[in-house]
Amino acid sequence: METIAERLKSVQTTIKQSTLGAHRASNSVKLLAVSKTKPVSDIVQAYEVGQRLFGENYVQEGIDKIQTLQNLTDIEWHFIGPLQSNKTRVVATHFDWVQSIDRIKIAQRLNDQCPLHKKLNICVQINIDDDPNKAGIKSNELNEFIEAIVKMPNLRFRGLMTIPKGQQTTTQQQHSFQKMADLFTALKNIYPDIDTLSMGMSGDMQVAVENESTMIRVGTAIFGTRNQTKESNAT
């Protein structure tokens, strides 16, 4: 049975080979290790071989891990799940990033509740396939949405995130990711400081990299099959 360190190295190799195959710089894609439902000991194993970016979907579980590992000060914690209004303060306090912004109300609360002298990095989640089962704003709502976001002084707008429709063929994945890449490119012409296109997971890393993803979110391929959690992630 492979260790977490071995699986992590395999994922890193796949990403590197994909970037080179797409004629991109080998360091142009970051890896976010999605550790939801996994124990702190798994995170420590990944940390010990150099992984520093970790993603959590569930607020209380994530905060418990952050507090347990607070001595590991160079970990960058990303919240990537749906966020309820009553949990924005603790997320703004403990996490470094929120990638799942799709409501102005939530963004405003994060801005207002962000600790003094902190800027919270955010990505706006796009429902690129207009899938009723996925969160995110529609692509035609993006410009107006961003105009509101960039006026919030305690948020740092970093880019876009998406979760494409499930059970897609490679051609369909390509189409979804290309639409995201086009949105990101157009947005970068308006906001040149953005640098993050978060898309691609365990099953579609290569296609995502070929379409300009700058951050791949991988859980199962690193940590193995997830356990179930009782905490709801409903909005």
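Author: The model is predicted, so local features need pLDDT of at least 70 and side-chain atom pairs count only at pLDDT 80 or more, while totals for chains, interfaces and linings use all residues. Residues are numbered from 1 along each chain as its sequence is written, and side-chain values use heavy atoms, with hydrogens and water left out.

Reader: Why is S26 called partly exposed?

Author: Buried means under 20% relative accessible area, exposed means over 50%, and partly exposed lies in between (1.4 Å probe, protein chains only). S26 has a relative accessible area of 41%, so the residue is called partly exposed. S26 is found in the loop between α1 (4-21) and β1 (30-34), where helices (H or I, at least four residues) and strands (E, at least two) are DSSP runs numbered from the N terminus.

Reader: Which residues does S26 contact, leaving aside its neighbours within four places in sequence?

Author: They are K16, T19 and L20, and contact here means heavy atoms within 4.5 Å.

Reader: What makes N27 exposed?

Author: N27 lies in the loop between α1 and β1, and because its relative accessibility is 65%, N27 counts as exposed. The C-alpha atoms of N27 and T214 are separated by 9.3 Å, although the two residues are 187 residues apart along the chain.

Reader: How do you know that E212 and R24 form a salt bridge?

Author: A salt bridge is a side-chain nitrogen of Lys or Arg within 4 Å of a carboxyl oxygen of Asp or Glu. In the pair of E212 and R24, the closest N and O atoms are 3.9 Å apart, and the pair is counted as a salt bridge. E212 lies in the loop between α8 (205-210) and β8 (215-218) and R24 in the loop between α1 and β1, so the pair ties together parts that are 188 residues apart in sequence. With 42% relative accessibility, E212 counts as partly exposed, whereas R24, at 13%, counts as buried.

Reader: What makes R158 and D195 a salt bridge, and where do they lie?

Author: Their side chains meet at 2.8 Å, N to O. This pair links distant parts of the chain, with R158 in strand β6 (residues 155-162) and D195 in the loop between α7 (170-190) and β7 (196-198), 37 residues apart. R158 is called buried because its relative accessible area is 8%, while D195, with 34%, is partly exposed.

Reader: What is the distance between the closest N and O atoms of E61 and K65?

Author: Those atoms are 2.6 Å apart, in a salt bridge. Both E61 and K65 lie in helix α3 (residues 59-68), 4 residues apart, which is about one turn of the helix. An α-helix has 3.6 residues a turn, so residues three or four places apart point the same way. At 16% relative accessibility E61 counts as buried, and K65, with a relative accessible area of 5%, is buried as well. E56, E61 and K65 are linked in a network of salt bridges.

Reader: Which residues of helix α5 are buried, and what do they pack against?

Author: In α5 (residues 104-113), the buried residues are I106, A107, L110, N111 and Q113. They pack against α4 (88-94), β4 (97-101), β5 (120-126), α6 and β6.

Reader: Why is E144 called exposed?

Author: E144 belongs to helix α6 (residues 142-149), and because its relative accessibility is 65%, E144 counts as exposed.
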